[in-house]
Amino acid sequence: MKYSKLILIVSLLVFQLNFAQEKADVALNKALTEAKAKKKNVLLIFHASWCGWCKMMEKNMNLPETKPLFEKNFVTTYLDVQERGEKKSLENPGGQDMMNKYKGQNAGLPFWLVLNPKGEVLVDSFDAKGDNLGSPATPEEVDSFLAKLEKSSKLNKEELQTIQKVFVKKAQ
């Protein structure tokens with residue numbers, strides 16, 4: 001009886017370890033390595049499972065007309081933060097500390113930034129007023145988002161217009 005309980009406990013621990021989220025610094029380092037090899041920048045997005053705006057941004061980025069544009073220009077990495085209750089296990093360990101490092105602790109979600117392959121911040125999701133653009137939705141937010149994408153990628157005017165149409169259209 002004692003052995004079966006012990007085996008059960010060990011099995012549960014091993015099972016949990018297999019499904020534990022990757023540490024934030026490990027995920028970021030993988031993305032930076034891939035970005036360097038592919039001569040791209042990293043689009044680092046902090047999000048949570050409960051965040052509707054996070055889901056909207058991910059959906060807009062993964063549509064057939066936008067996904068190839070983001071894939072061509074960025075290595076996109078998502079870090080789960082600010083989960084609650086039983087979903088706490090979805091968080092990437094160290095993700096919130098990393099978000100805080102980039103001054104996102106009070107920004108809300110999604111919070112994103114673009115890093116060059118050396119890990120240096122090129123742009124972040126703060127607008128000129130210091131507010132988080134999050135998942136841009138209004139024409140003004142989308143324009144700010146596009147300016148940041150243009151600064152941190154090789155997206156051309158036509159590609160930026162495609163992204164603009166999707167983000168503004170989907171927000172209405």
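Glu 159 forms a salt bridge with Lys 72, with 2.5 Å between the closest N and O atoms; a salt bridge is here a side-chain nitrogen of Lys or Arg within 4 Å of a carboxyl oxygen of Asp or Glu. This pair links distant parts of the chain, since Glu 159 belongs to helix α7 and Lys 72 to helix α4 (residues 67-73), 87 residues apart. Helices (H or I, at least four residues) and strands (E, at least two) are DSSP runs numbered from the N terminus. Glu 159 is buried, with a relative accessible area of 11%, whereas Lys 72 is partly exposed at 49%. Buried denotes under 20% relative accessible area, exposed over 50%, and partly exposed the range in between (1.4 Å probe, protein chains only).

The structure is a predicted model, in which local features need pLDDT of at least 70 and side-chain atom pairs count only at pLDDT 80 or more, while totals for chains, interfaces and linings use all residues. Residues are numbered from 1 along each chain as its sequence is written, and side-chain values use heavy atoms, with hydrogens and water left out.

A search of the whole structure finds seven salt bridges. Side chains of opposite charge can pair when their charged atoms come close. Glu 22 is partly exposed, with a relative accessible area of 30%, and Lys 30 is exposed at 51%. A further salt bridge joins the side chains of Glu 34 and Lys 38 (2.9 Å, N to O). These residues lie four places apart in helix α2 (residues 24-38) and are therefore separated by about one helical turn. Glu 34 is partly exposed at 35% relative accessibility, as is Lys 38, with a relative accessible area of 47%.

Strand β1 (residues 41-47) has seven of its seven residues buried, so it is largely enclosed by the rest of the structure. In a regular strand the side chains alternate between the two faces of the sheet. In β1, Asn 41, Leu 43, Ile 45 and His 47 point one way, Val 42, Leu 44 and Phe 46 point the other way, and all are buried. β1 pairs with strand β2 (residues 74-80) in the parallel sense over seven bridges, and with strand β3 (residues 111-115) in the antiparallel sense over five bridges; two strands pair if DSSP finds at least two bridges between them. Asn 41 stands opposite Phe 74 in β2, and the bridge partner of Leu 44 in β3 is Leu 113.

A search of the whole structure finds one disulfide, defined as a pair of cysteine sulfur atoms within 2.5 Å. The disulfide is formed by Cys 51 and Cys 54, with their sulfur atoms 2.4 Å apart. The torsion about the S-S bond is about 80 degrees, so the disulfide is right-handed. Both Cys 51 and Cys 54 are buried. In helix α3 (residues 52-61), Cys 54 is buried together with Met 57, Asn 60 and Met 61. These residues cover an arc of only 135 degrees around the axis, which puts them on the same side of α3; the arc is that of the directions from the helix axis to the C-beta atoms.

Ser 153 is found in the loop between α6 (139-151) and α7 (157-171) and counts as buried at 16% relative accessibility. Its side chain reaches the backbone oxygen of Leu 149 at 2.6 Å, and a polar atom of the Ser 153 side chain lies 3.2 Å from the backbone nitrogen of Leu 155. Leaving aside neighbours within four places in sequence, Ser 153 is in contact (heavy atoms within 4.5 Å) with Asn 73 and Phe 74.

The peptide bond from Leu 109 to Pro 110 is cis, with omega near -5 degrees, and Pro 110 lies in the loop between α5 (95-101) and β3. Lys 39 has a positive phi of about 55 degrees although it is not a glycine. Lys 39 lies in the loop between α2 and β1 and is exposed at 70% relative accessibility. Gln 82, likewise not a glycine, has a positive phi of about 55 degrees. Gln 82 lies in the loop between β2 and α5 and is partly exposed, with a relative accessible area of 25%.

Technical notes. A polar contact is a pair of N or O atoms within 3.5 Å; within protein, one must be able to donate a hydrogen and the other to accept it, and residues adjacent in sequence count only if both atoms are side-chain atoms.
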